Amino acid sequence: MEAKPEVLGTTSEIIPLALPKGTEKLCELCERRANLQCSKCRVTFYCDADHQQADWVGIHERICQLLVPIRMATLWSLQQEGRIVMQLKKLELIEICRLVAQSKLSEGKHQEALPAAQFCLRCSKDVYGPTNVQMVPAYLLLAEANMGLGNLAVVAELLSQAEWAVLKSPECGHGVQHWLHRSLGQLHMATGNLEAALLNFANDIYFASEEYGLDSTVTCSGYFLMADVFAKQGKMPIVRSLYSEVAHTWHCHLTKLLETHIQNIQNPNMVLEPPYDKSKQVEVDKLLTTMLEFMQNDSRKDSAQIALVAHCLAMLWFLGGDFLKALGFCSTALQASQLIPNHDLTEPIQALLQLVQGLHTEPHPGSD
């Protein structure tokens, strides 16, 4: 017998006669007429079960009960003290939704990120108003989710509103400007306007370097995106140069993290935690793996660069606790470095390989 799909959350039908005259409930996701309501909070409504399930997975499970005091008006909530408390509760919801959406986007779960990003935008409008510069992160978050789903017309509209808010606020910070230009660059990449993409990525790098520094991994992600544009233009020497810059930045960053981690291992009282959460690790792995595959398939195969990026991946997965993946990338890095006499990475790669082998206690595939 075919298994029934798992039902997440619970709903009940809306009884129209129970609603005040002239009122109509709208779906949380699409704003069409609602037929169902969440039976837990009873203040959130849906057009059908599919949208209820999508919202539950996307964000509603996290914020279900937090919505009740905000959406159920009382005499106290309409007074000055109550309004201040409600604003603070909305700010808390905005932050929760932002973190959930960013986590899902980092894992490539664009459809799941939509409900959190949509609610973040809606709640931000309630708190700040539609053209306040504080709205920009919410516009950009929802634009990123739609970008991953190919909804380019929606992305263009959201970025246009974000641009307008930034133009009206000369005091807008470098961090917001960098994120806006990165998003604009990605939109132009998707629509094939490569020159406009390059211009925006250049601005992204400038603002990121002002906010985070030239050697920041945030800044070097702009170089990575710019390399993709030059690859589409067939300008491979520039791609190699930019990838080299990105690889050296990440290698320096991961080496410092590894040194700290090794010191912590030697302290028996230290509780070890991965330096990255799962979503960030997936994001960094995708970036480094893309570069490694390019270098391995490049006609001008550069063993030094292959060793550098493979060593980065080995450190990344070692820090994340996946010793099997770390072993694989250590082997790749060592093979590449040994093709170069007296290569300065050979010794650090061998040291990491020995460390991983010492800590790796799981049996190898095929072993008894």
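Which residue in S2 does Ser12 stand opposite? In this predicted model, in which residues are numbered from 1 along each chain as its sequence is written, local features need a pLDDT of at least 70, side-chain atom pairs count only at pLDDT 80 or more, and totals for chains, interfaces and linings use all residues. Side-chain values use heavy atoms, with hydrogens and water left out.

The residue opposite Ser12 is Gln37 in S2. Strands (E, at least two residues) and helices (H or I, at least four) are DSSP runs, numbered from the N terminus, and two strands pair if DSSP finds at least two bridges between them. S1 and strand S2 (residues 36–38) are joined in the antiparallel sense over three bridges, within an open sheet of three strands that has the order S1-S2-S3 and antiparallel pairing. Strand S1 (11–13) and strand S3 (45–46) are the edge strands, each pairing on one side only.

Lys90 lies in helix H4 (residues 80–106). Apart from residues up to four places away in sequence, Lys90 touches Ile70, Cys123, Asp126 and Val127, where contact means heavy atoms within 4.5 Å.

The pLDDT, the predictor's confidence in each residue from 0 to 100, averages 89 over the protein chain, with 90% of the residues scoring at least 70. Over residues 1–5 the pLDDT stays under 50, and the model has zero contacts beyond four places in sequence for this stretch. Where pLDDT is low, the predicted coordinates should not be read in detail.
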